[in-house]
Amino acid sequence: MRLTDEEIQSLLQGVEDWNLLEERWIARKYRFQDYLQGIEFVRQIAAISEEVNHHPFISIDYKLITVKISSWRAKGLTKLDFELAKKYDEVYEKMK
């Protein structure tokens, strides 16, 4: 179910470094020591996303990975988007 603006603002407090874009996406940039570390991060978050059949947009710019997520079916953000953001952050913290 699509979140209200108030719910989105509240959930944004729990996902540090994520930004609201165009009122329907959340996005974050992750920086890595080297290219292959970033690629491994992408591999791991892709596996997490595949498990729940909810896939983000991922951009790879050398050592900078940008992740952008929304829910097409809900036409906006859902709790699952924020749950995945937290899981992606956990992967990043383990890799640092």
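Tutor: One aromatic cluster is formed by Trp 18, Tyr 30, Phe 32, Phe 41 and Tyr 92. This is a predicted model, where local features need pLDDT of at least 70, side-chain atom pairs count only at pLDDT 80 or more, and totals for chains, interfaces and linings use all residues. Residues are numbered from 1 along each chain as its sequence is written, and side-chain values use heavy atoms, with hydrogens and water left out.

Student: How many aromatic pairs does the structure hold?

Tutor: It holds ten. Rings of Phe, Tyr and Trp (its six-membered ring) pair if their centres lie within 6.5 Å; planes under 30 degrees apart are stacked, over 60 edge-to-face, and the rest tilted. Trp 18 and Tyr 30 make an edge-to-face pair, 6.3 Å centre to centre with 75° between the planes.

Student: Where do Trp 18 and Tyr 30 sit in the chain?

Tutor: Trp 18 is in the loop between helix H1 (5-12) and strand E1 (19-21), and Tyr 30 is in strand E2 (residues 25-31), twelve residues apart. Helices (H or I, at least four residues) and strands (E, at least two) are DSSP runs, numbered from the N terminus.

Student: Is Tyr 30 buried or exposed?

Tutor: Tyr 30 is buried, at 0% relative accessible area. Trp 18 has 5% relative accessibility, so Trp 18 counts as buried too. Buried means under 20%, exposed over 50%, and partly exposed in between (1.4 Å probe, protein chains only).

Student: New topic: what about Ile 60?

Tutor: Ile 60 is partly exposed, with 38% relative accessible area, and belongs to strand E3 (residues 57-61).
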